[in-house]
Amino acid sequence: MSDRFLVFDCESGGIGAEISLLSAHFAVCDTDWDIIDELSLLLKPKEVDETGSTIYKVTASALGINKIDLIAHDKVAITKAAAGQQLRDFLWKYKPKEGWLVPVGKNVWGDVDWVNEHILNNGEWRKYVSHRLYDINPVIKLLKRKGKIPADAKETLEELAKLIGFNFVAHTADGDVRATIAAMKYLESL
């Protein structure tokens with residue numbers, strides 16, 4: 001198989017199209033789910049106020065969940081243009097000669113939307129990444145139906161990680177990527 005997997009996750013300042021994308025983490029994996037390389041991006045919106053300060057659109061509850069310190073974040077975050085160039089270079093480096101990188105994640109369509117809205121537009125993304133994807137949500141549902149996962153288990157990444165004995169920091173882009181990779185290895189072993 002010439003395809004490689006692109007496991008990724010995005011963390012934002014809340015829910016909704018107007019909310020700021022704050023971080024994204026990408027891991028290219030081989031077909032055994034071993035990480036080949038990773039890219040972390042911390043992003044800032046382009047909007048600034050009259051003093052030149054960046055205008056973030058976030059909610060306090062989202063920052064509490066993903067534990068992002070916005071002041072520290074702003075000091076190291078990069079613009080959409082810089083993030084787009086880093087991601088483009090990363091994807092170009094790892095796209096197979098035949099085929100595409102296969103996007104993988106939990107609720108991965110939502111993360112594709114975040115990337116397309118805030119980092120690389122859909123046309124640019126599709127140069128490197130397949131339209132076919134692996135989302136672990138339907139896999140979890142199927143395994144619950146087949147009795148491989150307890151029927152009363154929550155369909156969350158945290159619950160799945162607990163079931164397989166994988167410890168991680170939830171609701172961080174890199175933590176969620178690592179948990180997704182561990183989950184995929186586990187699910188394929190069943």
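**A strand and its surroundings**

A: The structure holds 6 aromatic pairs, where rings of Phe, Tyr and Trp (its six-membered ring) pair if their centres lie within 6.5 Å. One of these pairs joins F8 and F26, which are stacked at 5.5 Å centre to centre, with 15° between the planes; planes under 30 degrees apart count as stacked, over 60 as edge-to-face and the rest as tilted. F8 belongs to strand β1 (residues 4-12) and F26 to strand β2 (residues 21-29), so the pair ties together parts that are 18 residues apart in sequence. Helices (H or I, at least four residues) and strands (E, at least two) are DSSP runs, numbered from the N terminus.

The model is predicted: local features need pLDDT of at least 70 and side-chain atom pairs count only at pLDDT 80 or more, while totals for chains, interfaces and linings use all residues. Residues are numbered from 1 along each chain as its sequence is written, and side-chain values use heavy atoms, with hydrogens and water left out.

Strand β1 is the part to follow here. Of its 9 residues, 8 are buried, so β1 is largely enclosed by the rest of the structure. Buried means under 20% relative accessible area, exposed over 50%, and partly exposed in between (1.4 Å probe, protein chains only). F8 is buried, with a relative accessible area of 2%, and F26 also counts as buried, at 0%.

The sheet comes next. Two strands pair if DSSP finds at least two bridges between them. With β2, β1 pairs in the antiparallel sense over 8 bridges; the bridge partner of F8 in β2 is F26, and D9 stands opposite H25 in β2. Strand β4 (residues 101-105) runs parallel to β1 and is joined to it by 4 bridges, with R4 opposite L101 in β4. The open sheet has 5 strands in the order β3-β2-β1-β4-β5, with mixed pairing. At its edges stand β3 (35-42) and β5 (134-135), each with a single partner strand, so one side of each is left without a neighbour in the sheet.

Two helices lie across β1. Helix α3 (residues 80-94) lies across β1, β2, β3 and β4, at about 170° to β3. Helix α4 (residues 108-118) lies across β1, β2, β4 and β5, at about 75° to β1. Axes are lines fitted to C-alpha atoms, for helices over the stretch in contact (heavy atoms within 4.5 Å), and angles run from 0 to 180 degrees between N-to-C directions.

A nonpolar core is a set of buried Ala, Val, Leu, Ile, Met, Phe, Trp, Tyr and Cys residues joined through side-chain atoms within 4.5 Å. In the largest one, of 26 residues, L6, F26, L87, L91, I119 and W125 touch the most other members. Two or more residues come from each of β1, β2, β3, α3 and α4, and α3 gives the most, with 5 residues. A second, separate core of 20 residues includes F5, C29, L143 and A153. Ring pairs also link F5, W33 and Y134 into a cluster.

Finally, T172 is found in the loop between α7 (157-164) and α8 (173-189). T172 is buried, with a relative accessible area of 18%. Leaving aside its neighbours within four places in sequence, T172 is in contact with D9, E11 and N66.
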